[in-house]
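Thanks, everyone. Let me put the structure up, and then we'll go through the helix packing, the pocket and the sheet.

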Amino acid sequence: MASLELKGVKKIYPGGVVAVKDFNLTIDDREFIVLVGPSGCGKSTTLRMIAGLEDISEGELYIDGALVNGLCPKDRDIAMVFQNYALYPHMTVYDNMAFGLKLRKVPGDVIERRVRAAAEILGIEDLLPRKPRALSGGQRQRVALGRVIAREPRVFLMDEPLSNLDAKLRVQMRAEIAKLHNRLKTTFIYVTHDQTEAMTMGTRIVIMNGGEIQQIDAPKALYDRPVNMFVAGFIGSPQMNFLPGTVVEEDGVLQIRLPDGSVLGVSEERERKLKEGGYVGREVVAGIRPESLHESEVNPLTKRFSRLRSTVEVAELMGSETLLYSTLFGRQVVARVVPDTEKTVGDEAEFHVHWNRIHVFDKDTERNIL
């Protein structure tokens, strides 16, 4: 078990290419931290700097309060699971799991105990005599996990370990890794580009873009209170709808007027923030998640909802839900509605959204005004 702290960590490659900029993060003992973001955002580079596989250009990395910038990987007591499993094809599963321990000259009886215990945790005891070529993708991934469990490291690092698996296996292995974290009670740092993996596995999520941290928060907080349009669009599938508008005040009430003349109401808290920020008369961007658009009136007793009207262009039945796609003043809008909706391509649709579900972003900075 271990805590980690990254202070002002940067990675600059030859030629002045900055892959990671001023990365600051404190990871508590036994946390499950997920680094997530699009390809090239610096998440894997950050993980490799923690592992010691990449040098830190600037900044400091502490493990349990000790500065480890100069320590080589084998002395950091960290184990890493890679995307491609990295199993030795000529060795049995048992020998693959024991190999790292043999290099460290761990006594044979200890190796036997650790490998058997790791295999039992993952349910792969019957696979120990086999070679990797006789295993499925999911079984190979379990062996790769078993190899690092047998090491009993202070920190587990995982670099997109599920990306080579099919959709069904990915769902299954997500649950297995989450259970593994609860059972081992060890610090996990997990890298993925899949926001579903991040939302379902992490105790805290670090969202990165362009080598910079955009937001660090619990999954629900990221969904409910994104700090900017990038986070709002990255978390959630389908992504949040963004609609341009202008803040107007009529009879003392603030609203967002859209290009077609329709208006969106805002909650009292957002209204106060808009007034304090001097946004009356200024252009903003309204954000509405697909699941916040309803075909029926939202709480009709209070009338605290707004209407959007459009023509359905695509209707996707997903089994448990239907996605309705349309275009409003040049912007694609997606609504997630009930599966038995009667709306189909070409139909006029009216969607309702509660004022509390409307986010408002600064047009220039893209920051969430609330």
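Start with two helices. H2 crosses H4 in a right-handed sense. Keep in mind that this is a predicted model. The two axes come within 8 Å of each other, and the crossing angle is roughly 35°.

Which residues make that contact? From H2, we have Val-93, Asn-96, Met-97 and Leu-101. From H4, we have Val-143, Gly-146, Arg-147, Ala-150 and Arg-151. By type, the contact of H2 with H4 has five nonpolar, two polar and two charged residues.

Now the largest pocket. Its space is about 480 Å³. Helix H2 (93-103) and helix H4 (137-151) each give two or more residues to the lining, and so does strand S6 (78-81). The lining has 19 residues, and those nearest the pocket centre are Ala-79, Met-80, Phe-82, Arg-104 and Arg-151. How does the lining divide by type? There are 13 nonpolar residues, one polar and five charged. Note Arg-151: it is on the H4 side of the helix contact, and it is also among the residues nearest the pocket centre.

Next, the sheet. It is open, with four strands in the order S2-S1-S4-S5, and the pairing is antiparallel. S2 (17-27) and S5 (66-67) are the edge strands; each has a single partner, so one side of each has no neighbour in the sheet. S5 is joined to S4 (residues 58-63) by two bridges. Take Tyr-62: its bridge partner in S5 is Leu-67.

Last, helix H1, residues 43-51. H1 lies across S1 (4-13), S2 and S4, at about 115° to S1.

That's it from me. Over to you.

Terms used. Residues numbered from 1 in each chain as written. Predicted model: local features only at pLDDT ≥ 70, side-chain atom pairs only at ≥ 80, totals over all residues. Heavy atoms only, no water. Pairing = 2+ DSSP bridges. Contact = heavy atoms within 4.5 Å. Axes fitted to C-alpha atoms, helices over the stretch in contact; angles between N-to-C directions. 1 Å grid on protein atoms, 1.4 Å probe; cavity = no way out; pocket = protein on both sides within 12 Å on 5 of 7 lines; lining within 4 Å. Points joined across faces, edges and corners; volume = space filled by probe spheres on them. Nonpolar A, V, L, I, M, F, W, Y, C, P; charged D, E, K, R; others polar. Left-handed = near helix turned anticlockwise from the far one by under 90°.
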